[in-house]
Amino acid sequence: MEGHSTYQPTNGAAKWLERRLPVIGLVHSSFVAYPTPRNLNYWWTFGAILSFVLVAQIITGIVLAMHYVPAGSMAFNSVEAIMRDVNFGWLLRYLHANGASLFFFAVYIHMFRGMYYGSYKEPREVLWILGVLILLLMIAAAFMGYVLPWGQMSFWAATVITNLFSAIPLVGTAITEWLWGGFSVDSATLNRFYALHYLLPFMIAGVVVLHVWALHVTGQNNPLGIDIKSKKDTVAFTPYATIKDMFATVVFLILLAWMVFYLPNYAGHPDNYIPADPLKTPAHIVPEWYFLPFYAILRAIPNKLAGVIALFSAIAVLFVLPWLDTSRVRSARFRPIYRQFFWIFVIVCIGLGYLGSQPAEGGYVIASRILTAYYFIHFLIILPVIGLIERPKPLPNSISESVLQGSGGGATATTTGSEG
Amino acid sequence: MANTDTADTAEPTRRDFLYIATGGVAAVGAALTVWPFIDQMNPDAAALALAQVEVDVSALEPGMSLTVKWRGKPVFVRNRTEKEIDESKAVPVSSLPDPVARNANLPASAEATDANRAADGREAWLIQIGICTHLGCVPLGQQGAYGGWFCPCHGSVYDTAGRIRQGPAPQNLHIPVYSFISESKLRIG
Ligand code: HEM
Ligand code: FES
């Protein structure tokens with residue numbers, strides 16, 4: 001989709017640079033002249049929100065790193081010092097901790113958006129796969145970050161998650177001890193997690209560049225899921241998308257500010273204000289809310305190795321999603337059956353999240369098993385089958401025609417001939 | 001083997017051999033270079049220095065336990081009651097999810113009988129690593145359906161000999177190398 005840059009440098013310095021490194025032209029063609037579909041709705045602003053949060057996490061993280069001490073004996077106290085002694089330390093830490101929470105909130109919305117509008121389908125498979133890769137790196141970054149304050153939840157989360165690798169037959173224990181650098185989670189583990197926690201966000205930034213590159217090669221999908229056919233279907237990125245993205249980011253920042261100033265520990269767990277104690281596990285350990293659905297899947301299965309495999313498969317299945325959905329129609333607006341199963345799937349994911357927060361006993365375990373089974377059935381059976389049996393509604397001829405009819409799409413946009 | 005120009009033939013040439021040999025040497029060199037970067041993460045010399053701890057257990061009456069920290073892990077030392085021992089002995093080994101003793105002082109194939117779990121010649125004493133074999137939480141003592149240990153993390157239940165009876169944990173609680181160096185002194189490690 002990306003047209004060649006129309007950027008013409010006017011002043012002398014810009015001309016000089018442009019002939020040697022056309023970087024201004026690159027930015028101009030990607031973020032100014034870049035044609036975006038004219039019917040994008042607010043679900044399309046989450047990419048910009050996510051980019052903003054990534055930068056915010058890196059900035060707050062680097063300043064926290066100036067005060068944090070990654071040693072078992074001092075980590076907890078250094079975080080307490082950040083909270084009490086460092087100037088504005090409480091603000092920086094609450095921004096970083098709640099920023100991580102909202103990062104996941106935004107990425108999940110971003111992914112459900114992709115699922116609803118079929119954004120993973122041909123030709124955007126690589127774009128989607130890079131997104132799943134970013135999710136994996138985010139999970140690793142957030143997990144290791146959560147270990148850093150070295151409270152009880154930090155310590156036991158680190159223990160339970162690293163022990164997942166001990167389920168691997170034969171070499172499991174060796175791998176786990178290699179991860180720990182000892183015979184249990186200890187200072188050595190904390191220190192290496194800190195090094196990786198510092199590194200991962202920059203790796204995420206690298207994959208984000210590839211993600212945006214892939215996006216600009218295929219062009220954005222849109223709520224109708226049909227291709228751009230003419231210039232009439234698009235508007236320029238600047239000012240239209242730029243301003244809309246900025247507005248959405250500000251609304252998102254209000255949410256972040258509300259959490260930071262009024263509910264700074266709402267997403268956290270009080271036990272993490274108790275220093276790590278390797279001899280005592282808290283009575284009820286739960287991961288951060290954004291890992292709860294995966295945690296429920298792990299616990300649903302009464303066998304250690306099978307539980308771990310299910311946990312990893314829950315993410316792995318996302319990589320092959322583009323090939324599991326057999327329908328060629330992208331947007332759920334034109335897929336009456338898929339649209340219902342999409343919402344069932346959303347509810348199942350939220351349900352798994354709720355079950356992950358409850359103790360692993362009785363009815364909760366049974367419910368987790370049913371929802372875990374459904375999660376996989378959705379991808380492996382429902383999606384391939386609906387694509388074959390569903391009769392999609394007629395697609396509009398073009399984005400501009402649908403927009404100018406005023407409905408923004410849907411069943412009203414039928415085949416009323418094409419003038420454009 | 002002809003060493004003339006063989007671009008069109010499938011016959012391997014001396015040059016092909018040199019390519020493969022060079023590539024092979026480079027691969028071995030790369031692997032050797034990577035190894036220190038991987039191995040540095042393994043437990044270091046200080047962690048490996050086989051730490052031993054000695055504990056005075058003379059104060060433990062039947063029905064009492066204590067927890068010792070060994071290699072960063074909790075070790076449960078328990079002086080079991082008659083009732084606990086009898087309950088454990090009544091269980092046929094064939095009915096256990098994990099039929100082997102997991103006792104580092106015995107051969108790996110030893111059966112999970114009560115005698116093989118308890119200290120040699122001191123059947124009241126049970127010394128085990130207090131780490132759930134599921135995902136590593138510390139189980140709570142004298143809880144759960146079998147009066148042994150209960151892991152709060154994902155609900156594994158162990159009996160009075162520390163053998164897994166219910167839940168996701170695959171193995172009995174592990175028993176470390178230990179010995180009684182006197183009537184009252186226990187050495188772990
Ligand atoms: C992808 C972006 C990032 C995510 C999702 C993330 C996530 C987290 C989380 C969940 C915590 C625990 C917060 C708490 O409960 O206190 C944390 C702590 C921390 N992070 Fe990050 N982080 C990111 C980037 C960074 C970067 C780039 C740095 C430094 C260069 C950094 C440095 C720290 C430090 C020093 C702590 C410990 C202080 C504290 O607990 O607040 N983080 N991070
Ligand atoms: S760690 Fe004990 S049951 Fe999972």
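This is a predicted model: local features need pLDDT of at least 70, side-chain atom pairs count only at pLDDT 80 or more; totals for chains, interfaces and linings use all residues.
The secondary structure of chain A consists of 16 helices and two strands. With a radius of gyration of 24 Å, close to the 22 Å given by the globule rule for 420 residues, chain A is therefore as compact as a globular protein of that length. Along the principal axes, the C-alpha atoms of chain A occupy a box of roughly 75 × 60 × 45 Å.

Chain B is assigned two parts, namely domain 1 (5–39) and domain 2 (49–188). The centres of domain 1 of chain B and domain 2 of chain B, taken over C-alpha atoms, are 53 Å apart.

The contact between the chains involves 25 residues from chain B and 27 residues from chain A. About 2200 Å² is buried between chain B and chain A, and carbon and sulfur atoms account for 65% of this area. Of the area that chain B buries against chain A, 29% is supplied by Met41(B), Leu135(B) and His154(B), more than by any other three residues. Both α2 (45–48) and β3 (73–79) of chain B contribute at least two residues each to the side of chain B that touches chain A. Classified by type, this side of chain B comprises 13 nonpolar, eight polar and four charged residues.

Technical notes. Residues are numbered from 1 along each chain as its sequence is written. Chains are lettered from A and ligands numbered from 1 in the order in which they are written. Side-chain values use heavy atoms; hydrogens and water are left out. Contact means heavy atoms within 4.5 Å. Buried area is the accessible area (1.4 Å probe) that two parts lose on being put together, summed over both. Helices (H or I, at least four residues) and strands (E, at least two) are DSSP runs, numbered from the N terminus. Ala, Val, Leu, Ile, Met, Phe, Trp, Tyr, Cys and Pro count as nonpolar, Asp, Glu, Lys and Arg as charged, and the others, Gly among them, as polar. Domain bounds come from an automatic or database domain assignment. The radius of gyration is taken over C-alpha atoms; the globule rule is 2.2 Å times the number of residues to the power 0.38.
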